[in-house]
Amino acid sequence: MKKIGKIRELNSFLFLAGLIFLVGLVNRSFWQPAAIWNCFNDSVVFTLLSAGIAFVILTGEIDVSIGAVLGLSAAVGAALLRDGYGVVMATAAALSIGILTGLVNGVGVAVFHIPSLIFTLGVNGVVRGMIYVYTKGAWVENLPADFTRMSNRLLIGNLTVFYALAVLVILIGHLILTKTKKGKYFIAVGDHAAGATLVGIPADKTKISAYVLCGVFASAAGMIYASRIGFITPTAGNGYEMKAIAACVLGGLSLSGGIGSLAGASIGAVIMSSISRILVFLGFSSDYDNTITGVMLLTIVVINTVSQNRAVEKNRHRILSARTAEKGGEKK
């Protein structure tokens, strides 16, 4: 399973490199360092969203409420900033929304055993409605200039501070998932929840933790979204969940759980967030963005499902062949 995950991550990285190369052949301007760096810097929101939902997908579940959580977190955080509250207070309020929503999702899926797609879809509707109630259908505007300028602050060269922090978070999360005992619980639960429970792994608590982390990442993405855009509409984050899921699948995560990593999800996020920019460089309208995203998601899911089924069948055939050979040796 680990080898499959690593191969998928490598394929995703090669796909990204090939995409940059091919687009550059059509439009040499895309090969300029600033243009390439912008692809990474512009992906910061989807990087955090994809990393958050990766925890959930690794456990074999799904969360389609992250777009709404991003929108509500951004609206609340932006409104507090507009009304004179500090960044710390606004961020704390936004993160609280993510934690509460993640906890609700986790309890609904893990404790009450409601299918994750159905439950999180319902939560998505509730949270999206709360955005309209909170903002009264109006835009949240006039954010402090210091806050909106934060998204453009550079750390080194063309690397923004926000993307550097996102990469740092991804690295820490990757180390936790691969090097710590509790971090490996997420993959174990996604690989076989019943088996994980039998060996003493708290499957329900692990799933709840995954949803809480997903909510926190979505809320953090919401605050960065507010800084980058400078205003919040009631539809903020609408459809972002599909791109985040597509980024994870493109980055090597299996929707059935147990395979993948945060690093792969972050690579997929760069690819998905770069579609609009690539279309511009190729001379196409960005109106095709959602269509291309949907086509890519369907294609990747079909390819991954077929390849995974083949791998499982091949493994079963190998085991049966080995057992047959052993029985033949015993008879002799």
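Author: A helix is a DSSP run of H or I with at least four residues, numbered from the N terminus. Just after helix α12, Gly252 takes a positive phi of about 105°. The model is predicted: local features need pLDDT of at least 70 and side-chain atom pairs count only at pLDDT 80 or more, while totals for chains, interfaces and linings use all residues. Residues are numbered from 1 along each chain as its sequence is written, and side-chain values use heavy atoms, leaving out hydrogens and water.

Reader: Why is α3 called roughly antiparallel to α11?

Author: The axes, lines fitted to C-alpha atoms over the stretch in contact, of α3 (residues 44–58) and α11 (residues 203–229) come within 7 Å and cross at roughly 175°. Angles between N-to-C directions run from 0 to 180 degrees, and those over 145 count as roughly antiparallel; α3 is therefore roughly antiparallel to α11.

Reader: Which residues of α3 and α11 meet?

Author: With contact meaning heavy atoms within 4.5 Å, those that meet include Leu48 and Phe55 in α3, and Phe217 and Arg228 in α11.

Reader: How many residues of each class line the largest cavity?

Author: The lining has 9 nonpolar (Ala, Val, Leu, Ile, Met, Phe, Trp, Tyr, Cys and Pro), 1 polar and no charged (Asp, Glu, Lys and Arg) residues, the others, Gly among them, counting as polar. Phe30 and Ser274 are among the lining residues.

Key
On a 1 Å grid over the protein atoms alone, a cavity is a set of points where a 1.4 Å probe fits but cannot get out, and a pocket is an open set with protein on both sides within 12 Å along at least five of seven lines; lining residues have an atom within 4 Å of a point. Helices (H or I, at least four residues) and strands (E, at least two) are DSSP runs, numbered from the N terminus. Angles under 35 degrees count as roughly parallel, over 145 as roughly antiparallel, 65 to 115 as roughly perpendicular and the rest as oblique.
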